[in-house]
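Subject: Structure for you to look through

Hello,

Here is the structure I promised. Please open it first, then read my notes below.

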Amino acid sequence: MELYLDTANLEEIREIAGWGVLSGVTTNPTLVAKEFAARGERLTEEGLAAHLRAVCEAAGGPVSAEVTALEAEAMVTEGRRLAALHPQIVVKLPTTEEGLKACRRLSAEGVRVNMTLIFSANQALLAARAGASYVSPFLGRVDDISWDGGQLLREIVEMAQVQDLPVRVIAASIRHPRHVTEAALLGADIATMPHAVFKQLLKHPLTDLGLKRFMEDWEKVKP
Ligand code: G3P
């Protein structure tokens with residue numbers, strides 16, 4: 001399973017890319033808005049384009065950039081514009097009627113599409129039939145309403161395998177490290193997570209304690 005960052009923050013991307021384990025990045029309108037707000041910058045067409053290009057360079061892999069249009073025609077126009085920014089851009093579309101129409105058109109043009117806001121296996125099936133390259137079921141948001149995000153992911157992964165769907169499954173809306181383990185065990189192709197969760201994947205108190213003891217013992221005898 002590949003590991004992606006779910007962020008629009010360049011420092012976070014550069015840090016994790018530096019570990020040598022980052023395969024890509026996903027963004028959404030909330031994450032981009034947060035990034036520009038944090039920098040006190042007004043979001044402009046040019047500013048967004050420059051930022052997405054920088055994200056691509058830092059990520060070194062696919063970067064999902066989401067459209068904000070709600071109608072198919074406008075989604076296609078926006079999607080084409082996003083895809084033209086950088087070869088690594090994957091256009092993210094919401095799983096709605098209009099999103100499906102736009103997915104069919106953009107994928108026919110060779111644009112890679114990530115269908116997002118997926119909360120059922122049938123939505124994933126529709127997205128795959130519309131030519132999506134990726135589907136993004138939202139584990140955390142399903143768990144948030146006391147449903148089972150793992151069960152949703154299990155169904156989608158199994159359906160993709162049984163039906164031999166040419167689509168990669170991105171476990172999204174990851175909230176904690178157990179979600180990542182669960183997604184890997186269930187056979188997700190990719191898990192995308194916030195920077196804080198990425199850091200948590202690595203941390204273990206026994207690793208820190210063990211290393212401290214190794215160093216202390218070494219200090220006593222080192223030449
Ligand atoms: O980017 C899509 C998804 O990962 C959002 O996660 O935490 O806002 O539910 P979250």
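The ligand has Asp6, Asn28, Lys92, Phe138, Arg141, Ala172, Ser173 and Arg175 around it; a residue is listed if one of its heavy atoms lies within 4 Å of the molecule. This is a predicted model, with local features needing pLDDT of at least 70 and side-chain atom pairs pLDDT 80 or more, while totals for chains, interfaces and linings use all residues. Residues are numbered from 1 along each chain as its sequence is written, and side-chain values use heavy atoms, leaving out hydrogens and water.

**Ligand site**

The shell splits into four charged, two polar and two nonpolar residues. Here Asp, Glu, Lys and Arg count as charged; Ala, Val, Leu, Ile, Met, Phe, Trp, Tyr, Cys and Pro count as nonpolar; the others, Gly among them, are polar.

Now the polar contacts (pairs of N or O atoms within 3.5 Å). Asp6 places a polar side-chain atom 2.6 Å from a ligand oxygen. For Arg141, a side-chain N or O atom is 2.6 Å from a ligand oxygen. For Lys92, the distance from a polar side-chain atom to a ligand oxygen is 3.2 Å. The protein covers 84% of the 310 Å² of accessible area that the ligand has on its own (Shrake-Rupley method, 1.4 Å probe).

**Core**

The largest nonpolar core has 60 residues. Such a core is a set of buried Ala, Val, Leu, Ile, Met, Phe, Trp, Tyr and Cys residues joined through side-chain atoms within 4.5 Å. Buried means under 20% relative accessible area (1.4 Å probe, protein chains only). Leu93 and Leu153 have the most contacts inside this core. A second, separate core of five residues includes Val90 and Tyr134.

For Cys56, the nearest cysteine sulfur is that of Cys103, 19 Å away. Cys56 is buried, at 0% relative accessibility. Cys103 is also buried, at 0%.

Best wishes

Technical notes
Buried < 20%, exposed > 50% of the residue type's maximum accessible area, 1.4 Å probe, protein only. Polar contact = N/O pair within 3.5 Å; in protein donor to acceptor, adjacent residues only side chain to side chain. Disulfide = S-S within 2.5 Å.
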